[in-house]
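These are my notebook entries on one structure. I looked up the sheet, the helices against it, the salt bridges and a surface patch.

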Amino acid sequence: MRIMGIDFGDARTGLAVSDEMNILVGEAWTLNEWNPDVVAERIIAEAKTRGIQRLVLGLPKNMDGTEGPRAEKCREFGEKLKSMTDIELVMWDERRSSIEAHAILHANGKKEKKHRKTVDAVAASLILEGYLGTLR
């Protein structure tokens, strides 16, 4: 079974896919699209192409565990995905994933301006990596 991690955003959405044994995060990339309907269609198409059996959607909670407007938007997007496919969907607490993604890129010598192109893919990888860790 392969699993896809999703970092849903307003202009870009990061995606990452696990290996067959759900041990490692394989490829990761970014969809540059703002329309949630189009993003959902593209995610489902990518999932079907790659044989994905579970989607893990990042849920951005506040540091105190509460949910704000961004989390509500992600929950709505999750409902959209559920209505469009029968692939299992898991909501995953993604606190600090974007902050950690920026730190990883910075530590690897990427300039701040260049982060925008890859930070969502890195965040999706971190979401997926965190989820995979709970399966072991």
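I began with the sheet. I find an open sheet of five strands in the order β3-β2-β1-β4-β5, with mixed pairing. Strands pair here if DSSP finds at least two bridges between them; helices (H or I, at least four residues) and strands (E, at least two) are DSSP runs numbered from the N terminus. The edges are β3 and β5 (88-93), each with a single partner strand, so one side of each has no neighbour in the sheet. Neighbouring strands are turned against each other by 25 degrees on average, direction ignored.

Before going on I noted the basis. The model is predicted: local features need pLDDT of at least 70, side-chain atom pairs count only at pLDDT 80 or more, and totals for chains, interfaces and linings use all residues. Residues are numbered from 1 along each chain as its sequence is written, and side-chain values use heavy atoms, with hydrogens and water left out.

I then looked at one strand pair. β2 and β3 pair in the antiparallel sense over six bridges. A16 stands opposite A28 in β3.

Next came the helices on the sheet. Helix α1 (residues 36-50) lies across β1, β2, β3 and β4 (52-59), where contact means heavy atoms within 4.5 Å. Helix α1 runs at about 155 degrees to β3. Axes are lines fitted to C-alpha atoms, for helices over the stretch in contact, and angles run from 0 to 180 degrees between N-to-C directions. Helix α2 lies across β1, β4 and β5, at about 160 degrees to β4.

How many salt bridges does a search of the whole structure find? I get nine, counting a side-chain nitrogen of Lys or Arg within 4 Å of a carboxyl oxygen of Asp or Glu.

K73 and D10 meet through their side chains at 2.8 Å, N to O. This pair links distant parts of the chain: K73 is in helix α2 (residues 69-84) and D10 in the loop between β1 (2-7) and β2 (12-18), 63 residues apart. For exposure I call a residue buried under 20% relative accessible area, exposed over 50% and partly exposed in between (1.4 Å probe, protein chains only). K73 is partly exposed at 38%, and D10 is partly exposed at 44%.

D120 forms a salt bridge with R12, the closest N and O atoms being 3.2 Å apart. D120 sits in helix α4 (residues 112-135) and R12 in strand β2, 108 residues apart, so this pair too links distant parts of the chain. Is D120 buried or exposed? D120 is buried, at 11% relative accessible area, while R12 is partly exposed at 25%.

K82 and E79 form a salt bridge at 3.6 Å, N to O. The two are three residues apart in helix α2, which means a separation of about one helical turn. K82 is partly exposed at 45%, and E79 is partly exposed at 48%. I also noted that salt bridges with shared partners join D10, R70 and K73 into one network.

My last entry is a nonpolar surface patch of about 340 Å², made by M21, I23 and L24. Patches take residues with over 30% relative accessible area and no salt bridge, joining like charges within 9 Å and nonpolar side chains (Val, Leu, Ile, Met, Phe, Trp, Tyr) within 5 Å. Areas come from the Shrake-Rupley method with a 1.4 Å probe; for residues, only the protein chains shown count as cover. L24 lies in the loop between β2 and β3 (25-32) and counts as exposed at 55% relative accessibility.
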